[in-house]
Amino acid sequence: MSFINYSSREINCKIVYYGPGLCGKTTNLQYIFRRMNPGDRGKMISLATETERTLFFDFLPVSMGEIRGFKTRFHLYTVPGQVFYDASRRLILRGVDGVVFCADSQITRMDSNLESFDNLRINLREQGYDPDRIPLVLQYNKRDVNSLASVSELHALLNYRNVPEFEAVASTGVGVFETLKGIIKLVLIDLKKGGR
Amino acid sequence: MVSPMNQNRFILHEKEYNEFQSVLKKLLIDSYAKVVFLVDKNGSLLSSAGETEDFDTTSLASLAAGNIAATGGLASLIGEKEFSILFHEGQRDNMHISLVDNRLILVVVFDGRSSIGLVRLRVRRAGEELGRILKAVDETAEREEEGGVIEELTEADIESLFK
């Protein structure tokens with residue numbers, strides 16, 4: 001749920017990066033953190049295990065400039081990808097304005113992608129969202145590894161809504177900002193339309 | 001769900017913002033706190049008072065909301081509706097976190113100049129006042145369903161962010 005503050009003239013929206021374990025959600029946020037001007041982003045918080053697996057969430061607030069005199073701020077969150085952290089994932093989806101589904105392009109991870117995508121739809125429904133209408137973009141990450149699934153295979157597997165899709169290598173930054181811009185656009189358009 | 005009209009947004013106008021602010025300032029003084037924050041359950045900071053320059057307020061708001069969400073999850077696992085108050089005791093500073101109308105989160109940071117008993121007492125009264133203001137926010141949202149900055153946004157405005 002976006003928050004519009006007329007006093008400080010700010011629009012705040014929440015974007016969640018979702019996807020199977022080790023698909024690169026945290027890596028996306030780390031790249032954004034490293035590359036953005038420190039004045040345009042806050043601290044990155046990672047609630048992670050000792051082995052750097054996301055335990056609860058990562059959080060990164062970013063500012064994207066002004067629209068009609070209002071500062072736009074986006075709160076980026078990741079969920080823990082591992083299957084058994086489902087209760088935490090549900091909590092993080094609360095109040096979400098847009099979702100980036102980060103898929104792992106390795107052919108061996110197709111089942112995990114599908115399982116996570118189904119889990120996203122279930123959890124969105126549980127939070128009162130229509131999974132067919134919420135702003136969503138897909139990121140096909142790890143395009144630099146061997147034994148890749150093709151974009152058309154990933155599209156056929158996941159993109160039944162025909163939402164914007166981006167190829168990425170989050171570790172080197174390829175496609176990271178394109179994905180972010182893609183979801184921000186959809187979130188603002190959805191906000192303008194009002195109500196889901 | 002904040003507004004019955006606009007379920008996907010929470011709009012705070014100057015008037016209610018100032019009212020929130022004055023409740024927080026009074027709470028700050030009455031409870032001898034260092035700093036007080038008002039946060040929505042999704043982690044956006046609405047208002048704050050006190051020595052806020054020492055704190056990363058954005059991170060604090062996000063973590064307080066995460067904390068309340070996780071505690072709410074724990075509550076439901078043992079059949080409770082919610083745990084409406086959390087208290088964290090530190091060596092120097094303490095943190096009292098409470099829910100207002102199950103929608104806003106009130107965070108009070110205090111040290112040895114105050115006490116948990118005093119904070120609880122003052123928070124209860126402030127919570128009632130904040131709840132009344134929240135109701136006014138809802139009523140304003142119902143009256144002003146359309147016509148704000150968001151409805152006037154054009155695609156060109158949105159594109160301009162990425163130039």
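Modeller: The hairpin of β3(A) and β4(A) has 5 residues between its strands, and one residue there, E52(A), takes a positive phi near 65 degrees. Strand β3 covers residues 45-48 of chain A and strand β4 covers residues 54-67 of chain A; they run antiparallel and are joined by 3 bridges. Two strands count as paired if DSSP finds at least two bridges between them. Within this pair, A48(A) has T54(A) in β4(A) as its bridge partner. Strands (E, at least two residues) and helices (H or I, at least four residues) are DSSP runs numbered from the N terminus.

This is a predicted model, in which local features need pLDDT of at least 70 and side-chain atom pairs count only at pLDDT 80 or more, while totals for chains, interfaces and linings use all residues. Residues are numbered from 1 along each chain as its sequence is written, and chains are lettered from A and ligands numbered from 1 in the order in which they are written.

F87(B) stands opposite H96(B) in β5(B). The hairpin of β5(B) and β6(B) has 3 residues between the strands, and D101(B) takes a positive phi near 50 degrees in it. Here 7 bridges join the antiparallel strands β5(B) and β6(B), and V107(B) in β6(B) is the bridge partner of I97(B). Strand β5 of chain B (residues 94-100) has 5 of its 7 residues buried, so it is largely enclosed by the rest of the structure. A residue is buried if 20 or more other C-beta atoms lie within 10 Å of its own, exposed if 12 or fewer do, and partly exposed in between, with C-beta atoms placed from the backbone.

These strands belong to an open sheet of 5 strands in chain B, with antiparallel pairing and the order β3-β2-β6-β5-β4. At the edges stand β3 and β4 (85-89) of chain B, each with a single partner strand, so one side of each lacks a neighbour in the sheet. On average, neighbouring strands of this sheet are turned by 15 degrees against each other, direction ignored. Between β2(B) and β6(B), where β6 is residues 104-110, there are 6 bridges and the strands run antiparallel. V36(B) has V108(B) in β6(B) as its bridge partner. Helix α1(B) packs on the sheet, touching β2 and β3 of chain B, and its direction makes about 35 degrees with that of β3(B). For such angles, axes are lines fitted to C-alpha atoms, for helices over the stretch in contact, and the values run from 0 to 180 degrees between N-to-C directions. Contact means that the C-beta atoms of two residues, placed from the backbone, lie within 7 Å.

The length of α1(B) can be checked. At 1.5 Å a residue, its 17 residues (14-30) should span 24 Å, and the end C-alpha atoms are 24 Å apart, which agrees; the expected span is 1.5 Å times one less than the number of residues. The buried residues of α1(B) are E16(B), F20(B), V23(B), L24(B), L27(B) and L28(B). Seen down the axis of α1(B), they fall within an arc of 140 degrees, so they line one face of the helix; the arc is that of the directions from the helix axis to the C-beta atoms. E14(B) and I29(B), on the other side of α1(B), are exposed. The cover over the buried residues of α1(B) includes β1 (9-12), β2 (35-40), β3 (45-50) and α3 (116-143) of chain B. Just after the helix, Y32(B) takes a positive phi of about 55 degrees.

β1(B) also leads back to chain A. Strand β1 of chain A (residues 2-5) runs parallel to β1(B), joined by 4 bridges, and F3(A) has F10(B) as its bridge partner in β1(B). The contact between the chains takes 36 residues from chain A and 34 residues from chain B. On the chain B side, β1, α1, α2 (57-77), α4 (149-152) and α5 (155-160) each supply at least two residues. α2(B) gives the most to that side, with 8 residues. By class, the side of chain B that touches chain A has 14 nonpolar, 12 polar and 8 charged residues. Here Asp, Glu, Lys and Arg count as charged, Ala, Val, Leu, Ile, Met, Phe, Trp, Tyr, Cys and Pro as nonpolar, and the others, Gly among them, as polar.
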